[in-house]
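Me: I am new to this structure and would like to learn how to read it step by step. Could you begin with the terms and then turn to the case itself?

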Amino acid sequence: MSNLRLLWVFFRLGALNELAYRANFFVQFIQSSLGLATALIGLAVVFAHTATLGGWRSTELLALVGIYFVVGGSLNVVIKPSMQQLMEDVRLGTLDFTLTKPADAQLLVSVKQVELWELVDVVLGIGVLAVALVQLGAGIGIAEAIGFVLALACGAAIVYSFLLILTTLSFWVVRVTNILVVFQAMYEAGRWPVGIYPTWLRLSLTFIVPVAFAITVPAEALVGRLDLTTLLGAVGLALALLAVSRWFWTIGIRRYSGASA
Amino acid sequence: MGVSRLALYAVRLPFSALRFSPYLGIYRAQFAVTLASQLQYRVEALIWLFGAILQPLIYLIVWSTVSQTNGGSVGGYSTGAFAAYFVVLMLVNQWTDTWVMYEFESRIREGTFSPKLLRPIHPIHSDVADNVTHKFLTSFILIPVAVLLAVIFHATLRPPLWALAAFVPSLFLAFLLRFVVEWTVALACFWTTRVGAVNQMYAVAVMVLSGQMAPLSLFPPPVQTLATILPFRWMVAFPVDLATGALSPHDALVGCVTQAVWLALGVVLLNVVWRWAVRRYSAVGV
């Protein structure tokens, strides 16, 4: 409970910090709209020439694009900036200040930096998702809804753990900023259902950089094409990765030698 | 009067060509410097290359899938033709790409541009040298990757010989045109340091109108017209269409002339904006 309160305090602090830069909101709004426009133009030109893509109809893919923006935006609001900050703190030795605080260090480093305006992506994504859901009509039952929420939570946990593991590498190798660039490039591949990719790329997008679990699987749950095995697999992988990233973090933090290093 | 002036130009011209020779030396020196520094940042170069390969690859796969679900051909492109289009696009995009727009902001904001302005040579030259060096180095990976992808996805690429010959000058013109245009757009930094939105607007236009999402012929006619009137088509899509054999000799000639005209306009615009921008520039601090 106190952890939740801590999360809220950090989020509020970050938000207050960003509210000082209100003009950034408009810049972010324009950028997010442009990003969304590109995605929608892509869908439009593809579906002008075909009825289905890898078995997905256009409204189903619209839902997938919505999820892509919601998940990507959420990562950009808190996880990615915090991870970037963590790398910087490890490099400069300023992680000392976080470690001496009387709270769980992993929790603190995960929510340290908040980029509030990235929420625009999340809001736009929810909008797209809502439009897609209306167009899909009555196809969404209670089972699909539960499956969707569960799959989304697992996807978020998987991607978070994955990013934490990547960032923890910075205790050994200082220059890992570039790894996030690779992650971003791979994440963009998730704008299309992973089913269309050839096996080698699909496997990399599922297990090496797990964007499939973050985007395609929740979308599958929503449009009712997810089987129970995949969902259970996602739950299992999420729990396993959470444990592994926690373990890896504790190993990494032991290597940290402070500001004088 | 008119004739004598013409004669004067005839005499002057070879000398003005000679005036370029110091540039050769400067470029040679700049190449040596950037080659050394970029060899140090090998991993970074590889990582940027990763994105340049993945994006066309994604669209290659999307369009191959579309083609396969519609009986092996869409909008005049077979599955193999799509593969060829996007493999060539990957090469042309990387060879014409610039990243000056993303560097200019910190140059202006942090003042690292000041020493470059003090040099007795236009700062665009060191950017060109940097860019060409990066492309030279990454090509050692990019070309084998392109060949590999062409084999994996069964690309059907049989352009006529004349088209291949015309591809070389059109690629060169496309590179110059894109460089001049993007360098001019980058100068927006002199007026505002919040150029993120400007850069992204430009990036979206390039993405859609230069044929990176799909061959331009698959877009509705108004979009095609827009791409043709604006410089975007001539920066990427045109050399790609040329190399994949989608153009007639007449189209190719008209295209190269259009590229040259846009390039001339671009150079004029660059000079005008540059003079205007430099007057606004003021450095602070160190």
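Reply: Helices are DSSP runs of H or I with at least four residues, strands are runs of E with at least two, and both are numbered from the N terminus. In this structure, L19(A) is found in helix α1 (residues 2–19) of chain A. This is a predicted model, in which local features need pLDDT of at least 70 and side-chain atom pairs count only at pLDDT 80 or more, while totals for chains, interfaces and linings use all residues. Residues are numbered from 1 along each chain as its sequence is written, and chains are lettered from A and ligands numbered from 1 in the order in which they are written.

Me: Does L19(A) count as buried or exposed?

Reply: A residue is buried if 20 or more other C-beta atoms, placed from the backbone, lie within 10 Å of its own, exposed if 12 or fewer, and partly exposed in between. L19(A) has 12 C-beta neighbours inside 10 Å and therefore counts as exposed. From C-alpha to C-alpha, L19(A) lies 8.8 Å from W117(A), although the two are 98 residues apart in sequence.

Me: How many residues of α10(A) are buried?

Reply: In α10(A), 12 of the 12 residues are buried, so this helix is largely enclosed by the rest of the structure; among them are F213(A), P218(A) and E220(A). The expected span of a helix is 1.5 Å times one less than its number of residues, and α10 (residues 211–222) of chain A reaches 17 Å from its first C-alpha to its last, close to the 16 Å expected. Just after α10(A), G224(A) takes a positive phi of about 75 degrees.

Me: At what angle do the axes of α3(A) and α7(A) cross?

Reply: Axes are lines fitted to C-alpha atoms, for helices over the stretch in contact, and angles run from 0 to 180 degrees between N-to-C directions. The axes of α3 (residues 58–92) and α7 (residues 142–168) of chain A come within 10 Å and cross at roughly 20 degrees.
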